There are 2 protein chains.
Amino acid sequence: MDVPAYFRDRIPLVDRLLESVIPAASERPTALHAAMRHVLFPGGKRLRPVLAMATAEAVGASPERALPMAAAVELVHTYSLIHDDLPCMDDDDERRGVPSVHIAFGEATAVLAGDALLAAAFEALASIESEATAAQRLSATRELAHAAGSLQLVGGQVDDLCVDPAVVDAAAVESIHGRKSAALIRASVVGGAQLAGAAPDTVERLKRCGFAAGVAFQIADDVLDEGEDDPCSLVRVMGRAGAQHRAEELLVTALRELDDLGDKAEPLRQLVQFAVRRET
Amino acid sequence: MDVPAYFRDRIPLVDRLLESVIPAASERPTALHAAMRHVLFPGGKRLRPVLAMATAEAVGASPERALPMAAAVELVHTYSLIHDDLPCMDDDDERRGVPSVHIAFGEATAVLAGDALLAAAFEALASIESEATAAQRLSATRELAHAAGSLQLVGGQVDDLCVDPAVVDAAAVESIHGRKSAALIRASVVGGAQLAGAAPDTVERLKRCGFAAGVAFQIADDVLDEGEDDPCSLVRVMGRAGAQHRAEELLVTALRELDDLGDKAEPLRQLVQFAVRRET
């Protein structure tokens with residue numbers, strides 16, 4: 001599936017937004033700011049920020065209203081990549097074809113760049129201009145902080161680090177995917193809806209949509225990576241066909257939650273499909 | 001100077017509050033939650049949370065109104081201690097007489113426990129019950145996130161790691177103290193005032209008070225530690241008497257900003273004096 005035009009068109013906006021919230025590389029300490037920017041620019045697919053914007057649009061608001069959440073989720077995602085790559089974690093020397101942050105800047109700066117990006121996420125969510133009210137920003141802050149916390153993203157990473165390939169089953173893999181990956185994708189969707197002032201029952205539907213789409217997105221990653229070596233891969237546990245089938249099943253679940261939202265949810269539907277059926 | 005009664009009486013309240021926001025050690029992943037609790041309980045002086053409460057009282061609100069900030073600043077402080085102790089940073093095997101988190105739980109869990117505590121700080125600030133409005137919480141969130149970010153706490157730690165003892169002078173030491181230590185103490189005071197609904201000019205005065213008190217607190221630390229070996233110590237740079245004199249000078253500056261606040265600021269005045277003149 002090709003990158004939807006909606007998605008492609010919004011990436012420069014996300015880049016400008018992130019540029020506006022992270023101090024310039026010339027700002028002191030310069031090594032720290034260069035390290036923070038190293039994974040952030042040019043960055044990856046920017047899936048999470050565009051999901052937040054498309055969700056605001058799906059519930060009848062302008063996509064710009066979700067910009068504080070769009071920046072915040074990308075900053076949390078980037079921090080988690082830097083810490084995941086550390087020698088004491090996955091010990092990855094490369095990220096997106098370039099040296100990972102601890103290789104390029106040293107381990108201490110990598111830990112600290114991640115820390116600063118996590119703090120910057122909450123500053124962005126509280127500060128970036130938007131028509132969202134203070135109460136709506138506060139709801140989104142609760143959602144994001146919970147998604148980034150010990151019961152979700154961080155807890156998922158802890159469990160991922162000690163997966164025993166001999167005993168892990170599909171349910172255990174999905175539990176880790178759910179916390180390590182899907183929680184932040186769910187927060188992107190839920191936070192976008194909250195900033196847009198969506199009704200509580202709509203937020204609940206979008207929460208289920210975001211979670212199912214998030215797990216499916218991570219399974220699609222397992223399929224694209226082949227996932228034979230990774231102990232925490234659904235491809236290793238149930239084979240490529242089984243994993244693909246499970247991702248499609250979750251995609252149906254995710255899309256069903258959007259049924260009542262009409263035409264204005266079309267960009268969000270396309271993004272959710274792209275997240276699961278992309279080819280890179 | 002003895003611990004002021006105001007201070008001592010509020011520590012159990014802070015402990016109960018922190019207990020209520022961090023998942024039980026029995027909650028999975030159990031190693032992660034045990035690691036998060038390892039430095040948090042019994043904890044240190046709880047200076048930052050009690051400062052937030054005393055500041056709310058100083059501007060005419062109940063100290064309980066500042067509880068979201070009280071919890072948040074202690075969680076940020078605790079995360080920073082865990083990451084500072086890491087082998088790639090200060091490489092400290094002990095903290096408050098017990099093994100540091102990476103010694104007790106391993107390096108990956110220490111990095112992740114710090115990360116989760118930082119996220120938990122923002123969840124606490126957005127969630128803990130208080131009469132503060134959403135707009136007041138949002139102001140406090142901006143203040144805390146900025147204090148924890150690359151231009152303050154994290155930037156100060158980066159510079160502290162590469163201090164050159166041959167060239168560092170008093171101004172450079174104070175710049176690091178200002179960002180690494182004083183910014184979070186200032187945020188405790190400012191956030192307490194913001195949650196209490198203080199007027200903007202009062203917040204500005206408290207900002208200057210908190211910063212001066214924060215630098216003086218860190219110099220007092222240098223004096224208590226003797227500070228001969230630490231390259232970033234005012235005692236090493238200007239001698240014990242000079243450092244003590246500078247701390248007293250900053251204490252006068254901090255207290256002067258509280259002159260107009262009357263009797264209700266008496267607990268805050270006592271705390272600020274204790275922070276600088278304490279004997280442990």
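**View 1. Packing of helices α1 and α3 in chain A of the predicted model.** In this predicted model, helix α1 (residues 5-21) of chain A packs against helix α3 (residues 47-58) of chain A at an angle of about 110 degrees, and their axes lie 10 Å apart. Angles of 65 to 115 degrees count as roughly perpendicular, and α1(A) and α3(A) are therefore described as roughly perpendicular to each other. On the side of α1(A), the contact is made by A:Tyr6, A:Phe7, A:Arg10 and A:Val14, while α3(A) contributes A:Pro49, A:Val50, A:Met53 and A:Ala54. Sorted by class, the residues of this contact between α1(A) and α3(A) are seven nonpolar, no polar and one charged.

**View 2. The side of chain A that touches chain B.** Here 42 residues of chain A are in contact with 42 residues of chain B. Within chain A, the helices α2 (30-40), α6 (107-127), α7 (134-147) and α8 (153-161) each supply at least two residues of the side that touches chain B, and the largest share, 14 residues, comes from α6(A). By class, the residues on this side of chain A divide into 26 nonpolar, 10 polar and six charged.

**View 3. B:Asp260 in a loop of chain B.** B:Asp260 is placed in the loop that lies between α11 (234-256) and α12 (266-277) of chain B. Because B:Asp260 has 10 C-beta neighbours inside 10 Å, this residue counts as exposed, the cut-off for that class being 12 or fewer. Although B:Asp260 and B:Arg205 are 55 residues apart in sequence, they are 9.9 Å apart in space, C-alpha to C-alpha.

How values were computed:
Residues are numbered from 1 along each chain as its sequence is written. Chains are lettered from A and ligands numbered from 1 in the order in which they are written. This is a predicted model: local features need pLDDT of at least 70, side-chain atom pairs count only at pLDDT 80 or more; totals for chains, interfaces and linings use all residues. Axes are lines fitted to C-alpha atoms, for helices over the stretch in contact, and angles run from 0 to 180 degrees between N-to-C directions. Helices (H or I, at least four residues) and strands (E, at least two) are DSSP runs, numbered from the N terminus. Angles under 35 degrees count as roughly parallel, over 145 as roughly antiparallel, 65 to 115 as roughly perpendicular and the rest as oblique. Two residues are in contact if their C-beta atoms, placed from the backbone, lie within 7 Å. Ala, Val, Leu, Ile, Met, Phe, Trp, Tyr, Cys and Pro count as nonpolar, Asp, Glu, Lys and Arg as charged, and the others, Gly among them, as polar. A residue is buried if 20 or more other C-beta atoms lie within 10 Å of its own, exposed if 12 or fewer, and partly exposed in between; C-beta atoms are placed from the backbone.
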